[in-house]
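Try each task before you read its solution.

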Amino acid sequence: MMSDHYVKVKVQLEQMKSFGKEDAEKNEEEEEEEGVDAEKQTSMSSPPPALVSPDPPSITTADRDASNTSITCKHRGGKSRGGKNSSGKHNITDLALHGSGKKSNRLGGHERTLHIRGTGKILQGKSENNGNYVTIHPSKNIQETCREDVFKHARKRRPVTVDTAKAKTSLEALKLSIKQLKWKEFPLGRRAPCDIYWHGVSFHDNENIASGQVNKFPGMIEMLRKINMSRAVRTMQELFPDEYDFYPRSWILPEEYQQFATQIRMVKENDATVNPTFIVKPDSGSQGDGIYLIRDPSDLKLMGGSQAKQSVVQEYIHKPLLIDKLKFDIRLYVLLKSMEPLEIYIAKEGLTRFCTEPYQEPSQKNLSHVFMHLTNYSLNVHSCNFVHSDSQSTGSKRTLSSVLYRLAAKGVDIKKVWSDIIALVIKTIIAVVPELRVYYQADIPPGKPGPTCFQILGFDILLMKNLKPVLLEVNSNPSMRIEHEQEVAPGVFEYVPSPVDEEVKVGVIRDTLRLMDPFSRKSSISQPKAGGFEHREEIPMEAETQEKSPDDGALPSLCLKQVYPKYTKQFNHLRLVERIAALFIRFLGVKGNMRLGPTAFRTFIRTCKLSNSNFTMASVDILYIDITRRWSGAMP
Ligand code: ADP
């Protein structure tokens with residue numbers, strides 16, 4: 001709730017915005033040079049779009065004078081853990097000023113003193129001239145009122161309880177997030193139910209959860225394996241070829257070996273100058289394991305021992321966008337907040353992972369150079385060229401925003417890039433949701449008590465030289481580690497804190513928890529009506545406004561941005577297969593089944609009044625056999 005003082009301060013800040021705008025704009029540039037990518041950013045014409053909302057231009061922040069803190073502004077990140085300032089007091093004044101930081105500072109994760117350049121007299125309280133800056137001290141009343149508000153808020157409800165016993169490698173980031181939210185952690189689990197269960201791997205990490213929320217969907221691991229994922233996207237490519245052109249052409253091995261070999265032969269026969277490259281990925285592999293490049297189908301390693309290897313062979317994107325001559329990819333965190341109704345959020349900040357050997361287009365000579373072609377952190381960290389950096393804009397792992405700033409400085413239309421990425425994410429989720437719904441009802445049939453689910457997904461995206469984003473894969477279990485491996489002595493690796501990972505991942509986990517807060521007011525999202533979807537906004541090409549956070553005014557604004565149902569309008573028509581899945585589920589017969597048996601299939605045809613004299617029940621049975629045979633290799 002806003003106190004009178006809060007309102008006053010807000011009004012005064014508004015007045016200051018117009019008053020000292022010019023000065024403050026200059027200040028922003030100076031700050032960026034200090035804090036982020038000093039090399040390029042002063043020449044940037046506009047900030048990246050959805051990444052961060054523009055902050056009030058008249059307010060700048062500085063790291064100096066921590067002891068002199070008067071108005072503190074807590075940004076997401078680990079440095080201000082527990083919401084305390086350097087003297088150990090809670091930064092209750094955050095409440096009044098949350099969200100008013102500077103672009104570069106949102107990445108810094110530090111508590112900052114707010115300095116208002118040249119215009120301090122407008123704010124209440126004592127002002128202090130400090131060289132170029134004026135530090136504003138709020139009156140004691142503001143602090144007291146805010147403190148009362150915080151306590152009132154805290155008294156209202158019991159803390160949200162989180163079972164972290166199965167969190168595995170996300171534990172560190174999760175602990176920091178829970179601490180920032182002042183929620184209650186149960187590191188060893190709890191006999192009584194918890195509000196939230198945080199699993200490190202799968203929905204089934206804890207069995208028999210009857211209530212609350214789990215951070216994994218049943219079936220997500222299976223659905224996002226390379227073969228199933230390729231198949232789901234291909235179904236959509238067949239239905240909507242123009243909309244699903246962001247996924248490289250793929251063949252499933254061994255079953256599509258013949259098609260692959262024939263198609264490649266035909267391409268080469270048609271044009272002898274064409275010599276495409278392909279990347280082969282084992283179905284259940286991760287972190288670049290078992291991946292290799294080929295230029296001819298005869299180079300495929302089809303057998304793994306006595307068994308045919310399940311894998312995907314994919315067109316290799318041979319003209320990626322390079323930075324510093326290096327190939328890189330984007331790791332974007334996406335929250336599937338709910339499947340029914342579909343709610344998707346995208347993290348405004350992500351990571352970029354760089355190769356460690358300068359890129360050259362594939363040739364027979366360099367096909368095996370993994371540090372040139374594969375961006376996996378887990379591989380490149382072992383290269384002697386890997387650069388660990390605490391800065392977010394240098395090194396082999398950088399923040400997405402630092403890369404986008406840099407591209408913007410070169411004149412790239414990053415608003416377009418960002419809106420293409422949003423579209424790619426929504427379309428990919430729409431492709432996997434139909435089967436995911438089948439998995440979901442098998443584990444949590446309607447009527448059976450069970451938890452609800454949400455999940456953070458890791459999208460790996462490559463930007464092509466022409467800036468078109470390409471989907472490489474989606475990880476059901478993206479690494480949430482906030483330490484990185486470092487070689488402390490020759491051959492000896494240790495985990496050391498990684499500020500870049502911490503900055504991004506703690507923000508994602510904390511804000512996911514905030515969105516899943518069982519006590520927060522129901523979000524303002526209107527639920528789609530049964531049988532229909534609402535028409536909503538189109539993806540704007542303009543910078544976004546600040547995302548509103550639910551209830552908790554003391555925290556920074558959400559780093560997760562809702563994209564669905566917000567942009568329902570453009571994507572609604574793609575949800576066709578999902579409706580077919582809903583029919584399929586309805587006719588499954590016995591709840592908890594994944595397969596539609598022959599009898600249930602007959603019932604389905606009969607109920608839908610699809611049979612007639614030309615389409616007899618005998619033909620229905622033949623159709624059933626035909627369909628199941630066609631899918632037998634694909635479905636569990
Ligand atoms: P994994 O799960 O083993 O990491 P990925 O599909 O993410 O498998 O591929 C590993 C790496 O290979 C990617 O990070 C990317 O650098 C590169 N890569 C994957 N697919 C392609 C492709 N089609 N074109 C170009 N590079 C690719």
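**Exercise 1.** Find what the side chain of serine 389 touches, starting with the backbone nitrogen of serine 391.

*Solution.* Start at the backbone nitrogen of serine 391: a polar atom of the serine 389 side chain lies 3.0 Å from it. Next, the side chain of serine 389 makes a polar contact with that of threonine 394, at 2.8 Å (a pair of N or O atoms within 3.5 Å; within protein, one must be able to donate a hydrogen and the other to accept it, and residues adjacent in sequence count only if both atoms are side-chain atoms). Then set aside neighbours within four places in sequence: serine 389 is in contact (heavy atoms within 4.5 Å) with Thr394, Gly395 and Val500.

A note on the model: it is predicted, so local features need pLDDT of at least 70 and side-chain atom pairs pLDDT 80 or more, while totals for chains, interfaces and linings use all residues. Residues are numbered from 1 along each chain as its sequence is written, and side-chain values use heavy atoms, leaving out hydrogens and water.

**Exercise 2.** Decide whether serine 389 is buried or exposed.

*Solution.* Its relative accessible area is 18%. Buried means under 20%, exposed over 50% and partly exposed in between, with a 1.4 Å probe and protein chains only. Serine 389 is therefore buried.

**Exercise 3.** Which rings lie under lysine 397 and arginine 398?

*Solution.* Lysine 397 lies over the face of tyrosine 377, 4.0 Å from the ring centre. Arginine 398 lies over the face of phenylalanine 354, at 4.1 Å. The rule asks for NZ of Lys or CZ of Arg within 6 Å of the ring centre and within 35 degrees of the ring normal.
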